[in-house]
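Subject: Structure handover

Hello,

Please find the structure below, with its sequence. My notes on what was found in it follow.

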There are 2 protein chains.
Amino acid sequence: MSTPNTVRLLLVGLGNLGRRFCDLLVQKGPEVEARYGLRLVLVGAADSRGWAYDPAGLDPARVAALKEAGGSVADIPGVGRPARPAAELIAQAEADLLCEASPVNLRQGAEPGLTHIRMALDRGMHVATPNKGPLVLAYRELHDRAARRGVQLRFDGTVAGGLPALYIGQRDLRGATVHRIEAVPNLCTGYVLELLAEGLSWEEAQARARAEGVLEADPSFDLDGWDAAAKLVILVNGVMGYPARLEEVERTGITGLGGAEVVAARQEGRVYKLLATADRLPDEAVSMRVAPVPLPGDHFLARLGRKQMGVIYHTDIYGTIMAAIDEPTPLPSAATMLRDILDIYTNAHV
Amino acid sequence: MSTPNTVRLLLVGLGNLGRRFCDLLVQKGPEVEARYGLRLVLVGAADSRGWAYDPAGLDPARVAALKEAGGSVADIPGVGRPARPAAELIAQAEADLLCEASPVNLRQGAEPGLTHIRMALDRGMHVATPNKGPLVLAYRELHDRAARRGVQLRFDGTVAGGLPALYIGQRDLRGATVHRIEAVPNLCTGYVLELLAEGLSWEEAQARARAEGVLEADPSFDLDGWDAAAKLVILVNGVMGYPARLEEVERTGITGLGGAEVVAARQEGRVYKLLATADRLPDEAVSMRVAPVPLPGDHFLARLGRKQMGVIYHTDIYGTIMAAIDEPTPLPSAATMLRDILDIYTNAHV
């Protein structure tokens, strides 16, 4: 392969996914350069305490180590800028692509992620993001912005962790009408329901999930079904081509479910999952629902394990396509940004 | 959308898949033009009794009806050429893309499909084919030919019917190392094993499978594991990047299996499947095996139904990705040619 193509990356958000993405840059950098002719250079990074920018490249190993130790990139001597917002970095940096991995925040207008993505697209950067919020709130607007600037917007990690649910639905089902989508896109509720089915109390199940890092400090986003509903909205926009909005999803979380109900269902061979479904209606509309459902034991999604997510596409010409991922750690979710970058810059069919 | 882009198609092979592809052109033509701006025009078609060519376009509905009635495209007045080989059509026609759907023939050097594909690529046509033979025997050569002419070679339908196993493995796993592939890529053996597990004799199971159209007149290609081995070779070439050859696959069919063994396994909660596996070895080689295996009942591939196929990719950074298809008729397999065509000509991310 000839001279590698350099891709200058900005990474905003250095939590669970951003930090692991830095690890991936270290681990996979040489291979990506050798196999795909791409040199990925992290020129800028931002966390909640500031940012750092170096056109010659920040060391991703150092960034990951700093975060691991509780520090901030803003502390890196010479290039760090403490107490300055990530938006400033995006506005000023010379870069080719933004990885937007700031925390999901549906309650406050998906900010600051939405602003970050708008700015990057308007400045002619590609965007790869596992951040659901901006896509849920502004799916069409962001796509139009990207198209106007001739850049790519990718968000494969927004739907079901590392499972390429969107890529399968958007590319591999081309030509088909998708009548129905069924998905279990949320890891946390599956884990809690599994513990309840084993006879643990709600308190025990939540404590275990929290100890495992599966449950956030404020668990209502997952347990009340907001996360699953947001993912369903993105799937329906991307795969069914219907401009779905979050308000249209009929949503029931799992918190109303009694542990005894879950145990009883299991004894009858049924398995409770927080199921997200979308059905195409005769008038081109789509009805969407998120609710705990006692699936029959032989249902594809009933068989998902504790750390698994899955999706089913019911199509007219490709039969029924089912896909699932076993994701014991958040690494696959972080790796979706690498998948998105490689998808933008490389051709798999050579 | 502006003026549609016309794609002139040749279709060689009008059996099960070719005929259904004609149906798809009828059913999906207007939608493909409206959604993707592509006008698919069937300018030439060939079966075992001759060919027909019309630069203005053959009527795919008429071709399908002719075949349904036991006729040949060579009989179409004015444009039909009886008793002439398909290669002649490919050599002379003005076309953009060849759909090669002639019968799989591994025993005779994958001919005539291999010659057809070589000719089409050399003449600057793209190729979409569900025909395993040529890919198994000449994977690298055909890719090199396509690259030299700057055309696309697509063969998503060669591996697991309508399941986009190759597209997932080649595109969505970019950046990953695939350590291990497990697949149940053959429909027929799964069906027969399921009947055996229910207590039918080998004779009864084969008769039922034949009546259902699942078993070919000469069933040894499926039952002896050749089909699964051929599909594994294509998967390993495409997804693991290892130049696998058919001779390297350690192959055991299901015919040596006693019905009683299958029943006994089921009673213990295990499920026999003809499993194809590939494991990356430390020295960059890959070991490949096809054999009936009594899978534990909770194994993803043990749960496949009678008309289902599936694949599992064990990766370093995307976790474990599992995909399956329920394919009650050969329509999804025929539709892979449409998927391939749309993949060549359209951009899903706009």
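In chain B, the axes of helices H1 and H2 (residues 60-68) come within 8 Å of each other and cross at roughly 150 degrees. Angles over 145 degrees count as roughly antiparallel, and that makes H1(B) roughly antiparallel to H2(B). The crossing of H1(B) past H2(B) is left-handed. On the H1(B) side, the residues that meet H2(B) are Arg19(B), Cys22(B), Asp23(B), Leu25(B) and Val26(B). Their counterparts in H2(B) are Pro60(B), Ala61(B), Val63(B), Ala64(B), Lys67(B) and Glu68(B). By class, this contact of H1(B) with H2(B) has seven nonpolar residues, four charged ones and no polar ones.

Please keep in mind that this is a predicted model.

The contact of H6(B) with H10(B) is made of four nonpolar and three polar residues, with no charged residue.

Next, the sheet. Chain B has an open sheet of seven strands, in the order E4-E3-E2-E1-E5-E6-E7, with mixed pairing. Which strands are at the edges? They are E4 (80-82) and E7 (153-154) of chain B, each of which pairs on one side only. Within the sheet, strand E1 (residues 5-12) and strand E5 (residues 97-100) of chain B are parallel and share four bridges. One residue pair to look up is Val12(B), whose bridge partner in E5(B) is Glu100(B). As background, strands of a sheet pair through backbone hydrogen bonds, either parallel or antiparallel.

Two helices to look at against this sheet are H4 and H12. Helix H4 (residues 113-122) of chain B packs on the sheet and touches E1, E5, E6 (126-128) and E7 of chain B. The direction of H4(B) makes about 170 degrees with that of E5(B). Helix H12 (residues 331-345) of chain B lies across E1, E2 (38-47), E5, E6 and E7 of chain B, and runs at about 150 degrees to E6(B).

The loop between E5 and H4 of chain B holds two backbone features. As a general point, most residues other than glycine have a negative phi, and most peptide bonds are trans. Ala110(B) is not a glycine, yet has a positive phi of about 60 degrees; Ala110(B) is found in the loop between E5 and H4 of chain B. Glu111(B) and Pro112(B) are joined by a cis peptide bond, with omega about 5 degrees, and Pro112(B) also sits in the loop between E5 and H4 of chain B. In chain A, a cis peptide bond joins Glu111(A) and Pro112(A), with omega about 5 degrees. Pro112(A) is in the loop between strand E5 (97-100) and helix H4 (113-122) of chain A.

Now the contact between the chains. How many residues of each chain take part? 39 residues of chain B are in contact with 39 residues of chain A. On the chain B side, the elements that give two or more residues are H1 (16-36), H6, strand E13 (320-326) and H12. The side of chain B that touches chain A has 22 nonpolar, eight polar and nine charged residues. Strands also pair across the two chains: E13 (residues 320-326) of chain A runs antiparallel to E13(B), and seven bridges join them. For example, the bridge partner of Ala324(A) in E13(B) is Met322(B).

Last, the domains of chain A. The domain assignment gives domain 1 (5-161 + 331-345) and domain 2 (165-326) in chain A. The centres of domain 1 and domain 2 of chain A, taken over C-alpha atoms, are 28 Å apart. Twelve residues from domain 1 and 18 residues from domain 2 of chain A make up the contact. On the domain 1 side, the largest share, five residues, comes from helix H5 (residues 132-149) of chain A. That side of domain 1 of chain A divides into seven nonpolar, two polar and three charged residues.

Regards

Technical notes:
Residues numbered from 1 in each chain as written. Chains lettered and ligands numbered in written order. Predicted model: local features only at pLDDT ≥ 70, side-chain atom pairs only at ≥ 80, totals over all residues. Domains from an automatic or database assignment. Contact = placed C-beta atoms within 7 Å. Nonpolar A, V, L, I, M, F, W, Y, C, P; charged D, E, K, R; others polar. Pairing = 2+ DSSP bridges. Axes fitted to C-alpha atoms, helices over the stretch in contact; angles between N-to-C directions. Parallel < 35°, antiparallel > 145°, perpendicular 65-115°, else oblique. Left-handed = near helix turned anticlockwise from the far one by under 90°.
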